[in-house]
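Let us walk through this structure one region at a time. Keep the sequence and the model in view as you read.

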Amino acid sequence: MIRPSVAIVMSNYNHARYLRESLGGICGQTRPADEIIVIDDCSTDNSVEIIAEFATKCPTIRFLRNDHRLGVQDAIARAVSLVTADYFIWTAADDRLLPNFLEKSMAVLERHPQAGLCFSETTELRDDSGKIVPFATEPTVSHIFNLGDLPEYMTPADIVKRMKREYLPIAANTVVVRRELLQAVGGYLRQLEWHADSFAYTVVALRYGTCVVAETLALIRATPGSYSQAMHDPARQTIVLRTMLDLLASKNYRDVRRILRQCPSNFSPWLTLMLKVQFSKIRDWDLLFPYLIWKIREFKRGHRLSWADTFFHLLRRAIPLRLAPRLFPDLVAERNRLAQRLGDLTAERDGAANALLETRKELHAIGIERNDLARRLGDLERETRQELHAVGVERDGLTRRLGDLEAERNRLASELELVRKDYLSIKDIAEEYRRALEKSLLPPMLITTMPKSGTYYISKLFSQGLFIRTRIVSQQYFPDDVIRQPELRVLSRGSFISQDHFGASKINLTHIRRHVDRVIVHLRDPRQALLSYVHYLDTERFKLNEKETLLFIYPPLPDDFYRSDLASNIDWAIENWLPLLVQWVQDWVEAANQNGRPRIKFTHYEDLVVDRDKFVSDVLDFFSIPHNRFFPPNIAPDPEIHFRKGEIDEWTQVFSAAQIAAANALIPAALASRFGWPLPDALRK
């Protein structure tokens, strides 16, 4: 039986720092590839030299260089068109193939020649850190990425059965595909951008079946700024997903569309963004409703919510995309302006490419001049030999001096050995001290604070005083700040303090009850917090990025905020910001009135200012932390977070009478009475 041939195709653009690792993996396969095609898309680093070096050592490599920049999809299309092997692999320049990748993948394919492709487990290589993370061992996703329960060969019917139960993770960097079948399904469609390979592999698998190797054979590198990272841009990803749905509606892929209607799990990687895209066209509602039901079940299971809460949570995230042009015309216009700017930049890039061509011509002329310099270098070499003879005489004198230095070095080496022994002794003591510290972990300190109530100061005070680390456990977006459960799980192990503004929402309280038994809610008179917030927004860090500030601060700032006086901005904050602060406090009061987990303690910025030692003592007692573990630190104000004055009642001198009345009217008397916030007698009813 003739052994099938296999090819490896790799594209590269400015990935020189990874090429020795990736090309080493390709050339070091225990079953060598019959063809290796490497295409460089006009890299500006030293990629070409490294590839040429490997091509010299490995005759199987065919090295292609583009005359001008084509982009990932066109560069790959050029390389793939030259492949003649029965099977091939498309790998990225920053990924890595393990030595037994081809041997194990091709062995399975040879046993099952009817299969369209073979894939293995998804394993991530974290950037330059060298950390390897197999998804099959991650507790939250192991049920998806652990392939141990799958057969060696899966028919199309087996794949449909699996996809009805769970998403089938065909990682593109692990795939070996039959070339003729890939061509039969349309190949890599460039309009699908970074999803072109995974879409093609899914179609091949659903039509011809797939082989599975339940172990790690290849590593995909997570690199910020790489081509695949563009899928995290919602605007660009939306265009690609809409194109994908258009293809599924065409006659060429109707069979795949029918399967995905039955098995909506394979839309899972695109989360709720796929819901928005499906919702935008009635044609795709036959896919929308099965996928919506799938996401509701998946989200309900992951967050332990009711059916109703889960449905409306997902619905709120899916519907606004269709309504955006009518609700936010200014943002749509801004998007169109940016698209026009992108076109202009593309034209500028083409001009730069022409300039680069001219530069190459100049480099050719420089090469001629280099030859002339080489001849002159030969003359200098002869003169240098004569000078070296004279230097040889001087060298003999230096040799004698070197003997003296050698004796001195030996003496110093003896002293160094004594120092090394002292160092090892100190190192043992330090290691013993470190182990003792690890055994004395402190309870987790979960603290949520009203914005502008000394959040940064409090986290510094206790993290430095107790020698523990700060851990941010939420999304940091007030007032709808949602706790991230994995971060809270880490904090719950002990010796961490949080630095967050999360509220008493249902999902936040659920996460808190699951992981900790107590939480401190730190407050400040909301009128003084409001004044501090207005001054905080008026700093250079926001002024220099005024356009982004106006877009992303919530509640949205008025367009003339940075051209208005202080009084006008205070009026805006009383109307828009103060109600959010009051509601945030009321939600926590209602949570505290419920008996059971978690225990909630309210602390006050005013107490911290008046008597810091007592404030610290109360917090330590609440978390059951011995006082002798705390060493008061000396904390200097940090201008980056605008530690301005820290006064308690500055607002009474800055607010006008009308502003004081408006602010007081928004604060319930019961709330003011409970926390000691002064109100006029007329409002104490």
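Start at Arg 178. Leaving aside residues up to four places away in sequence, Arg 178 touches Asp 86, Tyr 87, Pro 113, Gln 114, Ala 115 and Gly 116; contact means heavy atoms within 4.5 Å. This is a predicted model: local features need pLDDT of at least 70, side-chain atom pairs count only at pLDDT 80 or more, and totals for chains, interfaces and linings use all residues. Residues are numbered from 1 along each chain as its sequence is written, and side-chain values use heavy atoms, with hydrogens and water left out.

Arg 178 sits in strand S10 (residues 176–178). Helices (H or I, at least four residues) and strands (E, at least two) are DSSP runs, numbered from the N terminus. Arg 178 is buried, with a relative accessible area of 17%. Buried means under 20% relative accessible area, exposed over 50%, and partly exposed in between (1.4 Å probe, protein chains only). A polar atom of the Arg 178 side chain lies 3.0 Å from the backbone oxygen of Pro 113.

Now move to strand S2 (residues 35–40). Six of its six residues are buried. Glu 35, Ile 37 and Ile 39 point one way from S2, while Ile 36, Val 38 and Asp 40 point the other way. S2 runs parallel to strand S1 (residues 6–12), joined by six bridges. Two strands pair if DSSP finds at least two bridges between them. Ile 8 stands opposite Ile 36 in S2. S2 also runs parallel to strand S3 (residues 61–65), through five bridges. Here Ile 39 stands opposite Leu 64 in S3.

Next, turn to helix H25 (residues 612–622). Phe 615, Val 616, Val 619, Leu 620 and Phe 622 are buried there. They cover an arc of only 160° around the axis, which puts them on the same side of H25. The arc is that of the directions from the helix axis to the C-beta atoms. An α-helix has 3.6 residues a turn, so residues three or four places apart point the same way. The buried residues of H25 pack against helix H16 (455–466), strand S16 (518–523), strand S17 (599–604) and helix H24 (605–610). After H25 comes Ser 624, whose phi is positive, near 55°.

Three strands form an open sheet in the order S13-S16-S17, with parallel pairing. Its edge strands are S13 (447–449) and S17, each pairing on one side only. S16 and S17 pair over six bridges. Arg 518 stands opposite Arg 599 in S17.

How values were computed: Polar contact = N/O pair within 3.5 Å; in protein donor to acceptor, adjacent residues only side chain to side chain.
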